[in-house]
Amino acid sequence: MNILIFGPNGSGKGTQGALVKKKYNLDHIESGAIFRKHIGGGTELGLKAKEYIDKGELVPDDITIPMVLEVLQSSDAEGWLLDGFPRSIVQAEKLWEALQKDGVKLDYVIEILLPREVAKNRIMGRRLCANDPNHPNNKFIDAIKPDGDKCRVCGGDLTERADDQDEGAINKRHDIYYDDKTGTLAGAYFYKDLAAKEGFKYIELNGEGTIDSIKETLISQLD
Ligand code: AMP
């Protein structure tokens, strides 16, 4: 089972991705995490990539594409869930070429749809509980609204993640994601156009529901 997942920052892509990964026992291949591993290990690739990542820019294709394809090709799990790649039309085409060349079948492409303003509010509304980072709190999501300025689960103090409050950085990331000419959405639509002809399923999920309702819709569409 091989799956691509698309969704803007703030869409719950990580949560839904984890669910799919568990259901099919997949190797979760996340381009951002691969970069972070390289940076942590102090590799040459990591040093180069860091310059771009720190600025919120895409790492150039001559570094990113071979790196991700190599990890995909060396995966020995029952399948993979590719997350964070492709992020542009060029990456989408190169990935498709590589899959064709290696005779690898794609089963699902998932796109989580969320209007840009909603995605931005969600990121800016996130609050972290001092007692447990897994306690969900978000000022802009009714189902998990904090209790005043305290954690809705345990009453603990809440803090903000610095990068969540950086509007410029959020806008930059969303500029890339919502660009349907050459950016990430263009990459997603490249697969949407291929789906029927090539025999894989393109699943569009409305990201405005609750985590549970999105989960249920997603599960009902997977085999
Ligand atoms: P993420 O964890 O997916 O938000 O990725 C963190 C950073 O890694 C991004 O802001 C980019 O700088 C870089 N990155 C991740 N995936 C890609 C990709 N497919 N193409 C280029 N840069 C990427």
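**Around the ligand**

Guide: Let's start at the backbone: a polar backbone atom of Val-59 is 3.0 Å from a nitrogen atom of the ligand, where a polar contact is a pair of N or O atoms within 3.5 Å (within protein, one must be able to donate a hydrogen and the other to accept it, and residues adjacent in sequence count only if both atoms are side-chain atoms). Before going on, a caution: this is a predicted model, so local features need pLDDT of at least 70 and side-chain atom pairs count only at pLDDT 80 or more, while totals for chains, interfaces and linings use all residues. Residues are numbered from 1 along each chain as its sequence is written, and side-chain values use heavy atoms, with hydrogens and water left out.

Side chains join in too. An N or O atom in the side chain of Ser-31 lies 2.7 Å from a ligand nitrogen, and one in the side chain of Arg-87 lies 2.9 Å from a ligand nitrogen. On its own the ligand has 480 Å² of accessible area, and the protein covers 91% of that (Shrake-Rupley method, 1.4 Å probe; for residues, only the protein chains shown count as cover).

Who makes up the shell? There are 14 residues around the ligand, and the closest are Ser-31, Arg-36, Glu-57, Arg-87 and Arg-173; a residue counts as near if one of its heavy atoms lies within 4 Å. By class, the shell splits into 5 nonpolar, 5 polar and 4 charged residues. Here Ala, Val, Leu, Ile, Met, Phe, Trp, Tyr, Cys and Pro are nonpolar, Asp, Glu, Lys and Arg are charged, and the others, Gly among them, are polar.

Helix 2 gives the largest share of that shell, 4 residues. Helices here are DSSP runs (H or I, at least four residues), as are strands (E, at least two), numbered from the N terminus.

Now follow helix 2 (residues 31–41) over to helix 4 (residues 61–74): their axes come within 11 Å and cross at roughly 100°. That makes helix 2 roughly perpendicular to helix 4, a label for angles of 65 to 115 degrees. Axes are lines fitted to C-alpha atoms over the stretch in contact, with angles from 0 to 180 degrees between N-to-C directions. Ser-31, Ile-34, Phe-35 and His-38 in helix 2 touch Ile-63, Thr-64, Met-67, Val-68 and Val-71 in helix 4, contact being heavy atoms within 4.5 Å.

Notes:
Parallel < 35°, antiparallel > 145°, perpendicular 65-115°, else oblique.
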